[in-house]
Amino acid sequence: MAMASSLFFSTPIQPKLISKQKPFSYHSSNPLLPQLTHKPLRSLVVSSAAAIEAETETPSSNSTPLKSLPFRVGHGFDLHRLEPGYPLIIGGINIPHDRGCEAHSDGDVLLHCVVDAILGALGLPDIGQIFPDTDPKWKGAPSSVFMEEAVRLMHEAGYELGNLDATLILQRPKVSPHKESIRANLCKLLGADPSVVNLKAKTHEKVDSLGENRSIAAHTVVLLMKK
C-alpha cells in the first residue's frame, strides 16, 4: 500500500496535461450572441454586453415596418359590465334596455371588439393602448371615432376588409329586432359591402355574469386582404 502511494505521488505530471488549451470557439445562430472565435475572455464579455445592450435598444416589433402579406387575420374580444343608468349602445345603435355598459367611452362592446380585431390583424397595439381610459379626451367618446382610426390604419397599411364575422353574447335584450340596423351601421363605418359583414347573437344560457344580464361580450374575426 505504501509502495502504491509512493508510486502515485512520484509519477511525474505529463506536460501535455498542462499545456495551453486551444482558443475557445463557439458559433451560435442566436443574434444576441456574437460568433465567438479565437477571442480573449475579456473581449468576449465586452462583445456579449454590447450585443445585449444593442438588443435592449432595438424598437419593439410593433414599430417595425409591416411585412407585406397577401392577407392578415385578426381576432378581437371585449366585455363590459352592465349597470343601470347607462345607455346600451351596440354597433353604434342605441338599444332600449334597463341598463347599459359602464365604460370610459360609450362602452360599445361590438365596435371595440371590431377595432381590436383590425389592430390585431395589422400587428398593432390593442385599443386600450391607443385610446387609454386614463385619457380624459376619450371620456364618453363615441366608439365610431375608434373605428375610423382603425379603418384609416388598415388602408394606410395597404389592406382592405376581406370579410368580418362577429358574435354578440348577452342574455337580454333580444338583438334580432336590431340586428340589421347594427350590421348596416357596421358596414358604413367599415366602408364594406354587407355581403362581407356577418353578425350573430347568442345568449349565455343564464350562466355567469353574461347569463345573469350583468355583462355583455363580443368576439370578432376579420380577414384583411392586400389591395
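Helices (H or I, at least four residues) and strands (E, at least two) are DSSP runs, numbered from the N terminus. This is a predicted model, in which local features need pLDDT of at least 70, side-chain atom pairs count only at pLDDT 80 or more, and totals for chains, interfaces and linings use all residues. Residues are numbered from 1 along each chain as its sequence is written, and side-chain values use heavy atoms, with hydrogens and water left out.

View 1. Of its 227 residues, 34% are buried, that is, under 20% relative accessible area with a 1.4 Å probe, protein chains only.

**View 2. Helix 3 spans residues 109-121.** Its 13 residues reach 18 Å from the first C-alpha to the last, close to the 18 Å expected at 1.5 Å a residue (1.5 Å times one less than the number of residues). Twelve of the 13 residues of helix 3 are buried, among them His 112, Cys 113 and Asp 116. Just after helix 3, Gly 123 takes a positive phi of about 70 degrees.

**View 3. The largest pocket is lined by 16 residues.** A pocket is an open set of points on a 1 Å grid over the protein atoms alone, where a 1.4 Å probe fits, with protein on both sides within 12 Å along at least five of seven lines; lining residues have an atom within 4 Å of a point. His 80, His 112, Ile 127, Phe 131 and Asp 133 lie nearest the centre of this pocket. Strand 3 (71-83), helix 3 and helix 4 (127-130) each supply at least two lining residues, and strand 3 gives the most, with three.

Terms used:
Buried means under 20% relative accessible area, exposed over 50%, partly exposed in between (1.4 Å probe, protein chains only).
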